[in-house]
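Visitor: I'd like a quick tour of this one, please, cut-offs included.

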Amino acid sequence: MTEKFPSASAAVADRDIDRPPPARLAYDAHTWKEIAHLLANLPMALLGFVYVVTVLTTGAFLTVTVIGFPLLAVGLMGARRLGRLERARARKLLGVRVDEPSRLPLRGAGGFFPRLWMALKDPVGWRTALYDFIRLPWGIFTFVLTLTSLFVLWPVLPFIARGLANVDRAMVRGLLSPSDELERRIAELESDRGVVVDTAAADLRRIERDLHDGAQARLVNLAMGLGLAKEKLLEDPDYAAAMVEEAHGEVKLALQELRDLARGIHPAVLTDRGLDAALSAVASRCTVPVKVTVDLESRPAEAIEGIAYFTVSELLQNVSKHSGAKSASVDVWRTEERLLIQVADDGRGGAHLDGGTGMRGLAERLDAVDGLFVFDSPPGGPTVITAELPWRDRRG
């Protein structure tokens, strides 16, 4: 299976790329960049210190008034801008590869007070403010030492600059770097939330369309037929009886469509008897013989169980429509805290995400709940599709 997050070896490799060549007596490009960075520390430290003391301290003191908290929130957002400037300077002069933190999702936070609270508890803004506050003495020290060494200790200045620059690199990585995994998870959750919303909207439109074009249309015809039968009841009882018989058939069809629609929303057999019985029912409607094996000691949470059911249902529909298979199998089991689903068939293969068979939609739905979707479908077959979901215990 593909890795969802970069490995530790990849992170070490990235850090090795950031590491400059060893310092030497001759002044090379890396040394001059480090010297420029150290000399620029004083004005940048002054700017950051004055900003933090003026804006954030004023906002903190004014929190007893109405404007205190908004001023503090604006100050933290401004600190984010200073942090972006410092990261750009470190990338340019020190070669430190520091990713930019995710933007605050203020648009989706609701009203004024939720946005205010989100800005006030922003860890990126507070860490940047701390960085700017403690940098003033360090900026003075590095500026004075570097400037003096240019005239007095210039033979060993490359080694001095390297030591001071390494401290700066550590400060930037420690205080201005985003929490890689946390930031990545935030970005993924924001994307997944959009997928969930879009999927729910599409499902609602499908249900509305099915009701409008199916059962509702039949019920309208039924009402019109019964109205005509009522008018003909005394004039032509035989014709009225025939119309009632026809209406009875329409009722049966409407009830069947409503049952199918309800089964598509959430089948009763899944609620009552669990995945084994529900997947067996799905397999019985497949045009290909399907062997179902469910090895679960307990039932997962309702949401996970529903996703597993509809995943298998969609995959078996693809088997019926596109695979040309003679047999298929469905295996469901639990491994530690993951629920695994594997659907295999001996068909022609060649399935892919852009094949128009719903594979991409399934992958997005599983990813929205921190799941995985992996398939192996070489031309000529066989096709083996594995879905992995987080296991959550059922309540009650």
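Guide: Buried means under 20% relative accessible area, exposed over 50%, and partly exposed in between (1.4 Å probe, protein chains only). This is a predicted model, with local features needing pLDDT of at least 70 and side-chain atom pairs 80 or more, while totals for chains, interfaces and linings use all residues. Numbering runs from 1 along each chain as its sequence is written, and side-chain values use heavy atoms, without hydrogens or water.

Visitor: Is E388 buried or exposed?
Guide: E388 pairs with R338 in a salt bridge (Lys or Arg side-chain nitrogen within 4 Å of an Asp or Glu carboxyl oxygen), at 2.7 Å from N to O. The relative accessible area of E388 is 12%, so E388 counts as buried.

Visitor: What separates E86 and R89 in helix α3?
Guide: This salt bridge spans 2.9 Å, N to O, and each partner is buried. E86 and R89 are three residues apart in the helix, so what separates them is about one helical turn.

Visitor: How many salt bridges are there by this rule?
Guide: Besides those pairs, salt bridges with shared partners join E34, R162 and R169 into one network. The count comes to ten.

Notes:
Helices (H or I, at least four residues) and strands (E, at least two) are DSSP runs, numbered from the N terminus.
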